[in-house]
Amino acid sequence: MAVTLISGVTGVGLSSICQRVRASLDDEYLLLNFGDVMLEQAVAQDITADRSELSSLSHRQTQRLQRRAAEYVADQAETSRVILSTHLAVETDVGYIHGLPDSVLRDVAPSTFVLVEAAPSTILERRDQSDRGHDPATERQVEFEQDLNRTAALGYAREQDAPIRFVENEGSVTAAVQQVVETLES
């Protein structure tokens with residue numbers, strides 16, 4: 001089967017898009033959120049039960065959780081077409097790190113990348129409306145995060161010899177969902 005990796009910065013509407021995409025597809029598709037899988041691994045290892053604490057783990061702990069999560073995704077991809085929602089650059093207490101280090105990328109082995117973006121002002125507005133308690137950010141910071149995501153996507157796609165599909169999520173989410181569905185069905 002295949003893994004389609006869908007990424008975007010916090011506030012771009014990634015969760016909404018992924019949930020609506022999954023709902024419009026048949027049961028052959030499985031939607032996984034990489035951060036949720038990492039949290040499940042952290043809980044199983046008694047590291048933390050709070051997703052917000054993942055960003056404060058040591059780099060080594062994060063890498064171990066990423067590897068275990070990647071193994072889980074790879075196992076699921078043996079029997080299902082996986083839609084994997086993740087961040088390609090992850091902000092931690094010490095700075096940004098790769099969301100998919102080499103060993104993780106090899107295990108996950110995405111065949112297609114979908115990069116969801118929106119205007120920085122739109123993202124900031126969505127973050128303000130969210131109840132997730134995001135730290136305040138500026139448009140410049142959001143631009144930087146989207147640049148990191150683009151750079152990571154290009155590097156990862158090159159390593160996997162996989163295409164990148166750009167999806168803009170401005171206005172109605174329906175158009176963005178349709179673009180992702182078309183990507184998955186092609």
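Predicted model: local features only at pLDDT ≥ 70, side-chain atom pairs only at ≥ 80, totals over all residues.
User: How much space lies in the second largest pocket?
Analyst: About 220 Å³, counted as the space filled by probe spheres set on the grid points. Of its 15 lining residues, L88, H98, T151, A152 and Y156 are the closest to the centre. A pocket here is an open set of points on a 1 Å grid where a 1.4 Å probe fits, with protein on both sides within 12 Å along at least five of seven lines; lining residues have an atom within 4 Å of a point.

User: Which element gives the largest share of that lining?
Analyst: Helix α6 does, with 7 residues. Both α6 (139-160) and β5 (95-98) supply at least two residues of the lining. Helices (H or I, at least four residues) and strands (E, at least two) are DSSP runs numbered from the N terminus.

User: Switching to β6. Is that strand mostly covered or open?
Analyst: Mostly covered: 6 of the 6 residues in β6 (residues 112-117) are buried, meaning under 20% relative accessible area with a 1.4 Å probe, protein chains only.

User: Which residues sit on each side of β6?
Analyst: T112, V114 and V116 are on one side, F113, L115 and E117 on the other, and all of them are buried. In a regular strand the side chains alternate between the two faces of the sheet.

User: What does β6 pair with?
Analyst: Strand β1 (residues 3-7) runs parallel to β6, joined by 4 bridges, and I6 has V114 as its bridge partner. Strand β7 (residues 164-168) also pairs with β6 in the parallel sense, over 5 bridges; there F113 stands opposite I164. Pairing takes at least two DSSP bridges.

User: And the whole chain, how many helices and strands?
Analyst: There are 7 helices and 7 strands, in the order β-α-β-α-α-β-β-β-α-β-α-α-β-α from the N terminus on. The C-alpha trace spans about 40 × 40 × 30 Å along its principal axes. Buried residues make up 44% of the 186 residues.

Conventions: Residues numbered from 1 in each chain as written. Heavy atoms only, no water. Buried < 20%, exposed > 50% of the residue type's maximum accessible area, 1.4 Å probe, protein only.
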